[in-house]
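Subject: Handing over the model

Hello,

Here is the structure I promised to pass on to you.

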Amino acid sequence: MKKAIYPGSFDPVTYGHLDIIQRAAKAFDELIVSVLDNKTKHPLFSVDERVNILKELTEELGNVRIGSYNGLLVDCCRKEGAHVIIRGLRAVTDFEYELQMAQTNRKLADNSVDTMFLTTDLRYAYLSSSTVKEVASFEGDISEFVPPMVAKLVYNKYNS
Ligand code: PNS
């Protein structure tokens, strides 16, 4: 069985992430979307909240499972028995960080884990979770960036 892990902060999940999930799910028998900590970021949503949002938005995709992991991504891969990590590339500016992560993860996993990149659909190439939060924090319109249920939850965070 060909398994892949799509890791990320998903804080919040955007239409760009959802597009990658749908496309990666077609290429593998099982796709595990895993919410992990990015230590350089302060999350708006708890891990449980992010997991629940992802579950609701992917419930129609039969081969997609949502999980979370507190630790290194390579340990999450080992636990799940996955040898492929999926990441989206929006632009050349993503490349340096992604290349470094991919090489580090491959080294940490003794070459048993490879990263595969999907190019982000051009409709979402400009999109990031950070931008979504910034726009929402000033009560701007995020309806083109995230599904309605996510938009509602994001605005609630800034209004509470
Ligand atoms: O959505 P993001 O914030 O770009 O995802 C980054 C993430 C969560 C995949 C990355 O920070 C990560 O893998 N965190 C887990 C800890 C880890 O393994 N760090 C070393 C990677 S080189």
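Predicted model: local features only at pLDDT ≥ 70, side-chain atom pairs only at ≥ 80, totals over all residues.

Residues are numbered from 1 along each chain as its sequence is written, and side-chain values use heavy atoms, with hydrogens and water left out.

**The sheet**

Five strands make up an open sheet, in the order E3-E2-E1-E4-E5, with parallel pairing. Strand E3 (64–69) and strand E5 (114–119) are its edges, each pairing on one side only. From one strand to the next, the twist averages 30 degrees. Some terms here: helices (H or I, at least four residues) and strands (E, at least two) are DSSP runs, numbered from the N terminus. Two strands pair if DSSP finds at least two bridges between them.

E1 and E2 are joined in the parallel sense over six bridges. E1 is mostly covered, with five of its six residues buried (buried means under 20% relative accessible area, exposed over 50%, and partly exposed in between, with a 1.4 Å probe and protein chains only). Strand E4 (residues 84–89) pairs with E5, also in the parallel sense, over six bridges, and Arg87 stands opposite Phe117 in E5.

**Helices over the sheet**

Helix H3 (residues 73–80) lies across strand E1 (3–8), strand E2 (30–36), E3 and E4, and runs at about 150 degrees to E1. Helix H4 (residues 92–108) lies across E4 and E5, at about 175 degrees to E4. For these angles, axes are lines fitted to C-alpha atoms, for helices over the stretch in contact, and the angles run from 0 to 180 degrees between N-to-C directions. Contact means heavy atoms within 4.5 Å.

**Three buried residues**

Val84 is in strand E4 and counts as buried at 12% relative accessibility. Leaving out residues up to four places away in sequence, Val84 touches Lys3, Ala4, Ile5, Phe28, Asp114 and Met116. Val84 and Met116 are 32 residues apart along the chain, and their C-alpha atoms are separated by 6.8 Å.

Gly67 sits in strand E3 and is buried too, with a relative accessible area of 16%. Between the C-alpha atoms of Gly67 and Leu118, which are 51 residues apart along the chain, the separation is 21 Å.

Thr120 belongs to the loop between E5 and helix H5 (129–137), and is buried with a relative accessible area of 12%. Its contacts, not counting residues up to four places away in sequence, are Ile20, Arg23, Gly88, Leu89, Arg90 and Ala125.

**Aromatic pairs**

Rings of Phe, Tyr and Trp (its six-membered ring) pair if their centres lie within 6.5 Å; planes under 30 degrees apart count as stacked, over 60 as edge-to-face and the rest as tilted. By this rule there are three aromatic pairs. The ring centres of Tyr6 and Phe10 are 5.3 Å apart and the planes are at 75 degrees, so this pair is edge-to-face. Tyr6 and Phe10 are both buried.

**Around the ligand**

The ligand is surrounded by 14 residues, and the closest are Ser9, Asn38, Lys41, Leu73 and Arg87 (a residue is near a molecule if one of its heavy atoms lies within 4 Å of it). An N or O atom in the side chain of Ser9 is 2.5 Å from an oxygen atom of the ligand. Arg87 has a polar side-chain atom 2.9 Å from an oxygen atom of the ligand.

**Backbone details**

Asp11 and Pro12 are joined by a cis peptide bond, with omega about 5 degrees. Pro12 is in the loop between E1 and helix H1 (15–27). In the loop between H4 and E5 you will find Asp110, which has a positive phi of about 55 degrees although it is not a glycine.

Enjoy looking around!

Key: Polar contact = N/O pair within 3.5 Å; in protein donor to acceptor, adjacent residues only side chain to side chain.
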